[in-house]
Amino acid sequence: MPRRVPRAIASQPPPLPLPPLDMRLLAELPSLSLQARCMVEGFLSGHHRSPQKGSSVEFAEYRAYQPGDDLRRVDWRLYGRTDRLHVKQYEEETQLRVFVVLDTSGSMDFQSREKVMRKIEFARIVIAALALLARRQGDAFGLGIAGAELRGFLSARSSVSHWRSFIGKLEVVSPAGKASLATALLDLAEVVPPRSMIVIASDFYEETPRLENALRRLRYDHHDLIGAHVLDPVELDFDLDHSGTFVDAESPGWRLKLDAPSVRRGYLERFGEFCSELDELFHEAGGEMVRLRTDRAPFEALSLYLAQREQRL
Amino acid sequence: MNWLLPGFLAGSALIGLPVLLHFLRSKPKTILHFPTLRFLGESAIRDTRKHRLLRWLTLLLRCLIILLLAAAFARPFRVHATAAHRRVAVVAIDNSMSMQARGRWEEMKSRVLAGLAELGEGDQAALLVMHPSPWWLVPLTTDLARVRSGLQAAQPGFEKTHYAGALRLAGEALAANPAKTKILIWMADEQRLGWVGVDMAQALPPGIKIRIGETAPSPERQAAIVALQKSAAPGGELVATVRLFSPMQDRRTITVQAGGRVLTEQTVSLRAGDNKIPLPFSPAKDADGLRVSLDADDLPADDTAWLALQGASVGTVLLDPATGTDFLTHALLSTRMLGVGGLKTSALPEKAWPVGPLVIVRDAPAFRPPRVEHLDRFVEAGGPLWIFVDGSDEELGWLDRHGVNVSPRAPEDEAWHLRNWDPEHPVLAAFSGRSLLPLLDVEFYQGFDLDGDSLVPVASWPDGKTALAEWSEGGRHLLLAGFPMDRAATNWPVHPSFVPFVHQAAHWLGSFASSRNDWRVGESIPLESEGTWRSLDSALPHEQRVGGSIRPAAPGLFEFVADTGARRVFAVNIPPEESDLTPWPDPGQLARLERPDAPNGDGKRMAMPPLSDQVAENHQRLWWWVFALCAVAILVELALANRTAL
């Protein structure tokens, strides 16, 4: 049944500062594995596969001996059987770099009801959880704050002091009107090492061609892309029961006098098309999309997604 | 558009309710901050406009439904613009005998013709004749020439004056007419007798103008023969009662004739009031009757009276013995006890029954041997029979053998009343021209349903089953009453209608001639069978076939020849009270019959719509169409409300 327009969105919302991150909530984060879908390049050894072949524990392949090769890597048993010199090559395991990107556009500062979280608050918890997961498994984690451009950036590290910086950066984030996620992602692509995992927490209200361009650029660097599509239930269901003037959160000058029930059907059709389009974009970029509702527990859908992802890998 | 019950239009104020709800539900000033409007573009605006339009349309439909309901209850009707400006006149013609007073008829006719001349093209007029009962000589028509010619041809009759019925009928006809101007032209001599019984407080319907002419002056000379009585002794004298209405003494010549021959003539001096004048005469043995006349005065119609000289036979009725009070015998003997003729009764003989008298059977012993053998022979011989069913096995068996099925009625808490009386049946001749209410009031507590191919119903029980029937078998007249004749079964024996009914039924069944041969114009004369009715007065030479009864419209000496060959002579005279030409004492009271069409009358009058409006509305039945339109609007509103429901 359609509901009445919640007071939270039926009046002019003051720009409220975000509350501190709920560390108790983070502490409840279940034990999950943040597994990269592709091989990653890192400085420290970890449990992610590295494209670099070396003297690690996991055998990769043989190749013919070449002058200058370390004689210790020659397989003498094989030489005994074949009378040819071959050297062993091993898979090198390396450390994962996880970059989480938080969209701070005005549209993320939306909360349909008192009982649901603001979208940006929800996204902040999600990316903090992802960073915590990376930290627990010894991977490096970094941060990108997307506004009109890349407003803030933390390179990927895994130290304790870096975690404090990470949390401190998240806590001072505030949503700001018009933003360009595509621009921020293009900026990020310039500073993020290749083969990193990039998690983008956003509502993705960006012009589709521009977003497609940015994702294609990230794919070029072989990044493992995960889109966390953070949405308020009203955005998903449009279960409003009233008429009124609709104001665009990112462009307050854009107003429409509408009757919610009468436009619901058209809205849901167009929104569904948009979500399908987003899924397709991420799929083409080699990434995945996970849809998160702010009226659910932040880790519910995320945990499920990560578990399924681990099984797939 | 006019409204029969305009008070219901106040209900249209209820349209404020949906309007209020509509505006209470709409909050167009609400501002909704939404993450993005990229999915709420032009098409959403189009949807919203369409939705808003639908909601306004729904509101309009709801208002329309309320207005239509209010309009339907207010009963709309249209008044034709042309009719509203036209005039209608009803001429009520008093054709009673008093209008034959010298010069009175022609004078009033001239006045009415002058009044009709005021009507123009498109106006309507009608002629309503008052007597014997109000009837339309010319119904309402725009053919004024027809109305005028009808009035020219009309003639006064010999009836007794009575205005109430004509006044009511004319008022109703005028009230039902949508014309703006309604005129009742009263062509009458305002005789006091005519206004007796008229409720002067009961005015005409509003808007009707009554035109009453000047009260006719009393004639200078007016006397009437109000009674004739012949002594029973042979060669006796005739006594004529002459009533003089003028206060001054008058000398008049009185003549007695028989068969066109003058028997005696003498001049007498009359004083005001009744004068009994003995007239010696010796009529021929074959004379049917006497014609007694005065020399003509200002009202010649009542100056002649007739007397039938033929006597009448006395009928005999044979009855089986009754238990308790014998109401039937008392009723049959009642007129004889008063000395005005009648019937004689006798017990059923133990030996064979004679065929001539009427036999009334009302108890079981008549259907047991040896009487049942007498009964069978009596019926086979064509004897007149009247059976009251008492439900005994012997009686039911006998009736069943003769093709009549009788079944007892289940008793009920409330008494039954007989319905569907056949007013044309000869047994009801005593009630002909009068109200049947005395018969309808009779209560029955016990009864039987009669059924049979040879039965002709005369009256029915409330459920339509036959209660009283003529039993026609082989050309004989038998009467079958589906109830016992005792007080436990009915209160009829103590009811006023019992004696006239029993007498009429007995006369008809037994073909007894009525002992009375002196009648008045307007009275219904019962006749024992079908036959020919003919005037013995050369002034009225025509003859006619009659059956059961006749109601003569003119005085005179009449001959009735029954189909059986029996011949009887009746004298029919003018009602004596009609000769009194005294006018109504307060002419101003008559003018107050007119009620102005004022809207600020008393509350009771305002609450009642005019009769013409009711008739117009009833003919048009626009409210039905308004209700139908309302139903369609409700269906459309339901469809729209579903699409715009929030």
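Is B:M485 buried or exposed? B:M485 is buried: 24 other C-beta atoms lie within 10 Å, and the cut-off for a buried residue is 20 or more. The structure is a predicted model, with an ipTM of 0.74 and a pTM of 0.47.

**Confidence in the model**

- Chain A has an average pLDDT of 80, and 81% of its residues score at least 70.
- For chain B the mean pLDDT is 83, with 88% of residues reaching 70 or more.
- Confidence in chain B is highest in strand β21 (residues 448-451), at a mean of 94, and lowest in helix α14 (residues 603-607), at a mean of 43.
- Over residues 598-607 of chain B, pLDDT stays under 50, and the model has 2 contacts beyond four places in sequence for this stretch.

**Chain A as a whole**

- Chain A contains 10 helices and 11 strands.
- Of its 313 residues, 41% count as buried.
- Among contacts in chain A with a separation of 6 or more, 78% are between residues 24 or more positions apart.

**A six-stranded sheet in chain A**

- An open sheet of chain A is built from 6 strands in the order β6-β5-β4-β7-β8-β11, with mixed pairing.
- Its edge strands are β6 (150-157) and β11 (288-293) of chain A, each of which pairs on one side only.
- From one strand to the next, the twist averages 15 degrees.
- Strands of a sheet pair through backbone hydrogen bonds, in either the parallel or the antiparallel sense.
- Strand β4 (residues 97-103) and strand β7 (residues 197-202) of chain A pair in the parallel sense, over 5 bridges.
- A:F99 has A:I198 as its bridge partner in β7(A).

**Helix α10 of chain A**

- Helix α10 of chain A runs over residues 298-312, and its 15 residues should span 21 Å at 1.5 Å a residue; the end C-alpha atoms are 22 Å apart, which agrees.
- Three residues of α10(A) are buried, namely A:P298, A:L302 and A:L306.
- What covers the buried residues of α10(A)? The cover includes helix α4 (119-136) and strand β11 of chain A.
- Strand β11 of chain A is also an edge strand of the sheet described above.

**Around B:M485**

- B:M485 sits in a loop of chain B, between strand β24 (476-481) and helix α12 (498-510).
- Which residues does B:M485 touch, not counting those up to four places away in sequence? B:M485 touches B:F327, B:L328, B:R362 and B:F388.
- One of these, B:F327, is 158 residues from B:M485 in sequence, while the two C-alpha atoms are 8.0 Å apart in space.

Note on methods:
Residues are numbered from 1 along each chain as its sequence is written. Chains are lettered from A and ligands numbered from 1 in the order in which they are written. This is a predicted model: local features need pLDDT of at least 70, side-chain atom pairs count only at pLDDT 80 or more; totals for chains, interfaces and linings use all residues. Helices (H or I, at least four residues) and strands (E, at least two) are DSSP runs, numbered from the N terminus. A residue is buried if 20 or more other C-beta atoms lie within 10 Å of its own, exposed if 12 or fewer, and partly exposed in between; C-beta atoms are placed from the backbone. Two residues are in contact if their C-beta atoms, placed from the backbone, lie within 7 Å. pLDDT is the predictor's confidence in each residue, from 0 to 100. Two strands pair if DSSP finds at least two bridges between them. Axes are lines fitted to C-alpha atoms, for helices over the stretch in contact, and angles run from 0 to 180 degrees between N-to-C directions. The expected span of a helix is 1.5 Å times one less than its number of residues.
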